[in-house]
Amino acid sequence: QLVFDKIKELTISGGPRGKGCVIVFAAHNYNAPIKDLENRNGVSYLAGNRVYRHSDPIWNGDASHPDVICVAASTSLNKKAAYSNWGKEIDICAPSNNYHPLDGRIKLKGRGICTTDNFNVGDYFSPNSRYTTQFGGTSSAAPTVAGVAGLVLSANPSLTAKEVKQIILDTADKIEDPEPDVVLGNQKGHYDEKGHSEWFGYGKVNAFR
């Protein structure tokens, strides 16, 4: 509750302008709902080389906070990134890479994100280079949205954090994905009567618009 209240305070009156901080959260990469207190079907996820089964209640309290921007990942082909978390709490998506959430040997379509590379080892490490083309996850999608929020404020510094969020949602592209989820089989790549998708939120962030 203390964290919840502090986030609310910061988004309303925080920051040097006193008009609220735009706070962006990555939805995370378990191909699981943001909030499911019953979790009747359970959730499987890959950690290292082992698949774990999770049957406890799920509630990502930070990403589901109504005053933050919760970011899911789409692919370079305007599809759901197979690993991206989903749910009614998703606000928007941004392009990222794509990989199978349970089996790294299964190759899925979609390019990675090109960015500076400060890793010394690991999946993203590019030997003899300061850049990588393999960055991804919702940890890649979220900073893209944060960058767009910065552009919005640079164009109009008088906006409140709430107004910045609404502009980003209102100008998003309504991408759709009719294909079933590669693991769960659900189909949530459409939009309801309010223009919201459990996979993409209100759409894919559009910096130009």
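Helices (H or I, at least four residues) and strands (E, at least two) are DSSP runs, numbered from the N terminus, and the expected span of a helix is 1.5 Å times one less than its number of residues. The model shown is predicted, so that local features need pLDDT of at least 70 and side-chain atom pairs count only at pLDDT 80 or more, while totals for chains, interfaces and linings use all residues. Residues are numbered from 1 along each chain as its sequence is written, and side-chain values use heavy atoms, with hydrogens and water left out.

**View 1. Helix H2 and its surroundings.** With 18 residues, H2 reaches 26 Å from its first C-alpha to its last, close to the 26 Å expected at 1.5 Å a residue. Thr138, Ser140, Ala141, Ala142, Val145, Val148, Ala149 and Val152 of H2 are buried, where buried means under 20% relative accessible area, exposed over 50%, and partly exposed in between (1.4 Å probe, protein chains only). These buried residues pack against several elements, among them strand S1 (24-26), strand S8 (113-116), strand S9 (131-135) and H3, contact meaning heavy atoms within 4.5 Å.

View 2. In H3, which covers residues 161-170, the buried residues are Ala161, Val164, Lys165, Ile168 and Leu169. Seen down the axis of H3, they fall within an arc of 130 degrees, so they line one face of the helix; the arc is that of the directions from the helix axis to the C-beta atoms. Lys162 and Asp170 are exposed and lie on the face turned away from the buried side, whereas the buried residues of H3 pack against helix H1 (2-13), strand S6 (69-74), strand S7 (92-95) and helix H2 (138-155).

**View 3. Thr11 and Asp67.** Thr11 has its place in helix H1 and, at 8% relative accessibility, counts as buried. Leaving aside neighbours within four places in sequence, Thr11 is in contact with Lys19, Gly20, Cys21, Ile23, Asp67 and Ala161. Asp67 sits in the loop between strand S5 (58-59) and S6 and is partly exposed, with a relative accessible area of 27%. Not counting residues up to four places away in sequence, Asp67 touches Lys8, Thr11 and Lys165.

View 4. Strand S3 (residues 43-47) pairs with strand S4 (residues 50-54) in the antiparallel sense over five bridges, two strands being paired if DSSP finds at least two bridges between them. Ala47 stands opposite Arg50 in S4. Two residues lie between the strands of this hairpin, and Gly48 in the turn has a positive phi of about 70 degrees.
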